[in-house]
Amino acid sequence: MSSYFDDLETRSADTRAAALAEALPVQIARAQKLPGYAGALADIDPAEVTDLAALAKLPVLRKSALVEAQGPEAPFGGYAARPAHGFAHVFQSPGPIYEPGGIEPNWWRLGRFLHACGVGPGDIVQNCFGYHLTPAGMIFENGARAVGAAVLPAGTGQTELQARAAHDLGVTAYAGTPDYLKVILEKADEMGLALKITRAAVSGGALFPSLREYYADRWITCRQCYATADLGMVAYESDAMEGMIVDEQVIVEIVTPGTGDPVAPGEVGEIVVTTLNPDYPLIRFATGDMSAVMAGESPCGRTNMRIKGWMGRADQTTKIKGMFVRPEQVAALVAKHPEIDRARVIASREGEMDVMTVRIETEADSPETYAGTVADVLKLKGKVELVKPGGLPRDGVVIEDTRSYD
């Protein structure tokens, strides 16, 4: 089997940028025709959106906006290029939020990840992602078909039957959450069944180092990807085991939570994704997940940008003194004063009382200057502390809750 899924994975930076300059205007123009983008992209000239700098000027689309726009007449909120009956599948994820699904080859792009895992013709994949309502099962099945592997659509539960089927069929690869394979392996041990699983493609949960080591001790190579029901695959691990490589059909930005503003290279922020899928053209879709860009290229030879993987949630909304404080409010506070570089809200307790402290990064030297803006924008009065530029951590946190409830 070839080391790479296709030639796109080893493109030069210039070749990839030239391809992006052609693809982005087409995708923006496609999105402009959809009712969901009627206001947000109405005044945009697609021909001018040819690189990341231009893309960063467009508004961010949040999942909450998708949920609010969905209804019986527009189950996908006006963001899909086909009606619901025009897709092979329609899914419901918690929320509820509805997502479309296609059965065209590698529609979700998971084939690239499974190929990097070493899965291909001759393999049988025991797919333990759910097949009912939610799309994960079909996402991974579509990827397995793209690499020529057979699929056992196992879903979740019935562990004894799972172990028996894996043994009887000679299953060679597992797809599912990181921890469930261990459950199957232990059940097979208990039943005295030898399994042939040597590769595991996992997602949807934390892959702890100890768990990866457990699989390695059983001669199972375990790799993970970052994918969502809305976007399909976003990034994936290779055998280099250095971060996650961004898929070739998405554009990833890392922004300050609550804004659409890109962070400096290497800083932690929210993952915002633009997909080049013509059927569901999500533009600057905020995932709510945090990560950071890794410098350089992967030692495996794949040349696309890498991210560090999942680093927490961007929705840091916190209740202080009975009022919710949101990242968008912190961003609005910064926007009110050009001399402010960034701000961080800290929730703490003194005795039995909540305390809000707002640390502001600026060259200014008078905290009182910002007290009124803090009260106006955050709807709460709080302490204001000034720090010099560079004085706040670059960890993507804009609202920090230090209160203990033990």
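Analyst: Two strands are said to pair if DSSP finds at least two bridges between them, and that is the criterion to hold in mind for this predicted model. Strand 8 and strand 9 run antiparallel and are joined by four bridges, with Y226 having A235 in strand 9 as its bridge partner.

User: What makes strand 9 and strand 10 a pair as well?

Analyst: Two bridges join strand 9 to strand 10 (residues 244-246), and since the criterion asks for at least two, the antiparallel arrangement of these strands counts as a pairing. Y236 stands opposite I245 in strand 10.

User: Why is strand 9 called mostly covered?

Analyst: Buried means under 20% relative accessible area, and in strand 9 (residues 232-236) five of the five residues are buried.

User: What is the strand order of the open four-stranded sheet, and which strands stand at its edges?

Analyst: The order is 1-13-12-11, and the pairing is mixed. Strand 1 (61-62) and strand 11 (250-255) each have a single partner strand, so one side of each is left without a neighbour in the sheet, and these two are therefore the edges. Within the sheet, strand 12 (residues 269-275) and strand 13 (residues 285-291) run antiparallel and are joined by four bridges, and V273 has F285 in strand 13 as its bridge partner.

User: How do you know that C117 is in no disulfide?

Analyst: A disulfide requires a pair of cysteine sulfur atoms within 2.5 Å, whereas the cysteine sulfur nearest to C117, that of C225, is 7.8 Å away. For C225 the nearest cysteine sulfur is that of C117, at 7.8 Å, and C225 is likewise in no disulfide. By this rule the count for the model comes to zero disulfides.

User: Are C117 and C225 buried or exposed?

Analyst: With a relative accessible area of 7%, C117 is buried, and C225, at 4%, is buried too, because the limit for that word is under 20%.

User: Which residues have the most contacts inside the largest nonpolar core?

Analyst: That core has 61 residues, and those with the most contacts inside it are Y37, F113, F140 and V252. Leaving out residues up to four places away in sequence, V252 touches V234, V246, I271, V272, V273, M305 and I307, where a touch means heavy atoms within 4.5 Å. Another core lies apart from the largest one and has 21 residues, among them A166, Y174, L211 and C222.

Technical notes: Residues are numbered from 1 along each chain as its sequence is written. This is a predicted model: local features need pLDDT of at least 70, side-chain atom pairs count only at pLDDT 80 or more; totals for chains, interfaces and linings use all residues. Side-chain values use heavy atoms; hydrogens and water are left out. Buried means under 20% relative accessible area, exposed over 50%, partly exposed in between (1.4 Å probe, protein chains only). A nonpolar core is a set of buried Ala, Val, Leu, Ile, Met, Phe, Trp, Tyr and Cys residues joined through side-chain atoms within 4.5 Å.
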